[in-house]
Amino acid sequence: MHDLDAWLPRAAALRPHRAALITGDGAVTTYAELHAMARRATAALAAAEVGEGDRIALDLPPGPGFVATLHAALGVGAAVVPVDSRLAPAEQERRSAGAKLVVRDDPPPAGAPELPLAERLRPDAVATVMHTSGTTAAAKQVELTNSNWHWNALGSALALGLDPAERWLSTLPLSHVGGLSILIRSAVYGTTVVLHERFDAARVAAALASDEQRITLVSLVATTLQRTLDAGLDHPPHLRCALIGGGPLAPALAARATAAGIAAAQSYGMTETCSQVSTSLPGEPETVGRALAGSRIALADDGEILVAGETVARTAVAGDGWLHTGDLGAFDAAGRLTVTGRKADTIVSGGENVAPQEVEAVLAEHPAVADAGVYGRVDAEWGEALVAAVVTREGVVGDAKLAAALRDHVANELARFKVPKQVVFAAELPRTPSGKLLRRELRGFGSLA
């Protein structure tokens, strides 16, 4: 296995004056500046005796310091454990356990000692230790290698295309695989990341609408896409694709995006695959498309989605050679994948299997609904009874009349056994920082209508 060109030194040599990073306040860091900052970070790591095989916990806000220290650690062969600063102190401590060093300060300023970054990366070296989002269970560690990340970047570029002047807007936490993947892909490409510290619909809409900022790609989930459209986004001048991950994209929302001049692409992936493992074509979001180059997708006899290939974390592979995702799916006649739900989420009501995501997608198409989550509660008659937790759009009252209308809406689209027995209303639904629904926390959420 041949070594890889180290991503930051290569980008700095080819495009020293190109913006590597633009933060939410408009500050620009070029590749040459980021490379110099990473050399100072390398010297700081060496002074702390961090070397090959060590782990460092990176507890820094999104910005040049985080990115420079990330590349410095990769260069010395250390694995980076990104820590979400929004976690409680005890949670942060658990995430950092086993790290030789916890980095909470930016690299030293200009004039401090520097050491050169390694020009090559070992493909099989662990680059990052990510933590899963914990949507269905407690978060677990996932080790991703330099080769995993490199193949992910190549596969994504082949699927979405690559604009030489790419500017990818990210609002996802850098402790999440989706946010970190944008940083690493852009370093591999030598393109620009526009980095917002958190999602703010008005700021995202303004950035995408800006002729000066020239945003060409943005990563969102269905909820944040909806909020950005609600904030008034219409025909952004430079955006060629909005990559939608983290869950299904309702047809009505996809149609709304198209009407606003936004070419959406549905993405499917997980922490164990460096985020994206398949994607639809921009502007054709009816499915999650086909596997990225270097990846393979198959279905088990029970419909579970199986993944193998160059982006899959080696410790996540089962004895049969596949990553068992726990997701359920189906292929259409053209070989494109649709994700139909989670095995663990399946609700058995009156002996019938119900995928809550299917019901949520129908609810999301109702004009009164801003967000919806479906779960099963224990029921003496049905075994499990479907309950829909709904967030209404601004100005819409969640009452018994609307609950009945929502149940009728589902009944018009789906089989009767898929109609929620109850509808409850809530101010918001529990979601991870990346926007995934925390279904296990829905029980007892909201008020009964």
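Strand 18 (residues 304-309) and strand 19 (residues 323-331) run antiparallel and are joined by 3 bridges. Strands here are DSSP runs of E with at least two residues, helices are runs of H or I with at least four residues, and both are numbered from the N terminus. Two strands count as paired if DSSP finds at least two bridges between them. Leucine 306 has histidine 324 in strand 19 as its bridge partner. This is a predicted model: local features need pLDDT of at least 70, side-chain atom pairs count only at pLDDT 80 or more, and totals for chains, interfaces and linings use all residues. Residues are numbered from 1 along each chain as its sequence is written, and side-chain values use heavy atoms, with hydrogens and water left out.

Strand 13 (residues 241-245) is mostly covered, with 5 of its 5 residues buried. Buried means under 20% relative accessible area, exposed means over 50%, and partly exposed lies in between (1.4 Å probe, protein chains only). In a regular strand the side chains alternate between the two faces of the sheet. Both faces of strand 13 are covered. Cys241, Leu243 and Gly245 are buried on one side, and Ala242 and Ile244 are buried on the other.

Strand 12 pairs with strand 13 in the parallel sense over 5 bridges. Valine 221 stands opposite glycine 245 in strand 13. The chain goes from strand 12 through helix 8 to strand 13, a right-handed β-α-β crossover. Right-handed means that, with the strands pointing away from the viewer, the path from the first strand over the helix to the second runs clockwise. Strand 13 is also joined to strand 14 (residues 264-270), by 3 bridges, and the two run parallel. Here leucine 243 stands opposite alanine 265 in strand 14. The chain crosses from strand 13 to strand 14 through helix 9 (residues 251-259), and this β-α-β crossover is right-handed.

Strand 23 (residues 369-379) is mostly covered: 8 of its 11 residues are buried. Strand 23 pairs with strand 24 (residues 383-392) in the antiparallel sense, over 10 bridges. The two strands form a hairpin, with 3 residues between them. Tyrosine 375 has valine 387 in strand 24 as its bridge partner.

## Second largest pocket

The second largest pocket holds about 890 Å³ of space. Pockets and cavities are found on a 1 Å grid over the protein atoms alone. A pocket is an open set of points with protein on both sides within 12 Å along at least five of seven lines; a cavity is a set where a 1.4 Å probe fits but cannot get out. Lining residues have an atom within 4 Å of a point. Grid points are joined across faces, edges and corners, and a volume is the space filled by probe spheres set on the points.

The lining of this pocket has 42 residues, and Phe199, Thr224, Arg227, Thr432 and Pro433 lie nearest its centre. Strand 12 (217-221), helix 8 (222-230), strand 23 and strand 24 are the elements that give two or more residues. Helix 8 gives the largest share, 5 residues. The lining divides into 19 nonpolar, 11 polar and 12 charged residues. Ala, Val, Leu, Ile, Met, Phe, Trp, Tyr, Cys and Pro count as nonpolar, Asp, Glu, Lys and Arg as charged, and the others, Gly among them, as polar.

## Cavities

The structure holds 4 cavities of 30 Å³ or more. Helix 6 (177-189) is among the elements that give two or more residues, and helix 6 gives the most, with 3 residues. The lining divides into 8 nonpolar, 3 polar and no charged residues.

The second largest cavity holds about 60 Å³ of space. Trp7, His71 and Leu121 are among its lining residues. Helix 1 (7-14) and helix 3 are the elements that give two or more residues. This lining has 8 nonpolar, 2 polar and no charged residues.
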